[in-house]
Amino acid sequence: MKRKLKCYLAYTTLLYRIIGVALIPCAFWLVNVGLLWRKYGGILRWGEDAAGTGISVLCFTLSVYVVLYEVFTDYWVLGGCLSDAGKGLWYFRTSHRGASVMGNIVTVDLARRFLFCMIFAVTIFLFSGWKESLVMGLAIYCVIVGILNGSRHFDGFQRNMGIAFLAQVGMTLINVLNYILVEIAGSAMLACLAALYCGIALGVSVLTVRRITGRIRGQKG
């Protein structure tokens with residue numbers, strides 16, 4: 001893991017790591033905590049459940065901003081890497097270790113995104129006791145990575161921004177669908193959705209690494 005992290009730090013710029021990886025996510029987390037603290041007055045004791053329609057609407061709103069941010073800022077990391085121009089990948093093709101190095105970079109990038117999504121979800125759970133938030137965190141990650149597998153075929157700031165805004169619509173629809181399913185079937189559906197999204201998260205993560213490293217090896221992504 002240490003080698004993977006070194007590859008990621010060498011590939012990304014210091015400015016992106018300070019602003020994109022640290023400052024903005026921390027600011028978003030503080031806003032999230034502030035809103036939840038204002039609503040519930042502190043972290044709930046284990047077993048309490050103060051969730052309701054209000055918390056679901058708040059979480060749905062915050063989740064679409066997480067998706068917007070993650071898709072939009074990918075422009076400065078791996079944006080356009082699957083396009084015909086192969087932004088950022090030509091250099092890696094000059095080395096027989098290029099695919100391995102890029103695989104390390106993508107793995108750390110995916111881990112960071114997953115961590116951000118789950119910290120967001122766990123924070124909501126701790127404050128509200130809303131168990132659906134954990135499934136929502138997994139769903140956010142799946143949507144983000146799924147969208148990135150498509151958006152990385154396009155190179156350009158404006159296109160990336162447009163895709164990021166459209167991704168919010170997809171996240172909203174998935175949130176509503178999950179909410180309806182859980183309301184109808186209860187805890188059993190919640191467990192099924194958690195298992196489903198865990199499987200999807202693993203699948204899209206493996207697919208993402210293979211497509212990008214495959215492009216470096218000369219395979220079609």
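User: How many disulfides does the structure hold, and what makes a pair of cysteines count as one?

Analyst: The structure holds 0 disulfides, a disulfide being a pair of cysteine sulfur atoms within 2.5 Å. This is a predicted model, in which local features need pLDDT of at least 70, side-chain atom pairs count only at pLDDT 80 or more, and totals for chains, interfaces and linings use all residues. Residues are numbered from 1 along each chain as its sequence is written, and side-chain values use heavy atoms, with hydrogens and water left out.

User: Is C117 buried or exposed, and what is C198 called?

Analyst: Buried means under 20% relative accessible area, exposed over 50%, and partly exposed in between (1.4 Å probe, protein chains only). C117 has 0% relative accessibility and therefore counts as buried. C198 has a relative accessible area of 42%, so it is partly exposed.

User: Why is S205 called buried?

Analyst: The relative accessibility of S205 is 16%, so this residue counts as buried. S205 lies in helix 7 (residues 187–216), where helices are DSSP runs (H or I, at least four residues) numbered from the N terminus.

User: Which residues are in contact with S205, leaving aside its neighbours within four places in sequence?

Analyst: With those neighbours left aside, S205 is in contact with L110 and Y141, contact meaning heavy atoms within 4.5 Å.

Notes
Helix = DSSP H or I, 4+ residues; strand = E, 2+ residues; numbered from the N terminus.
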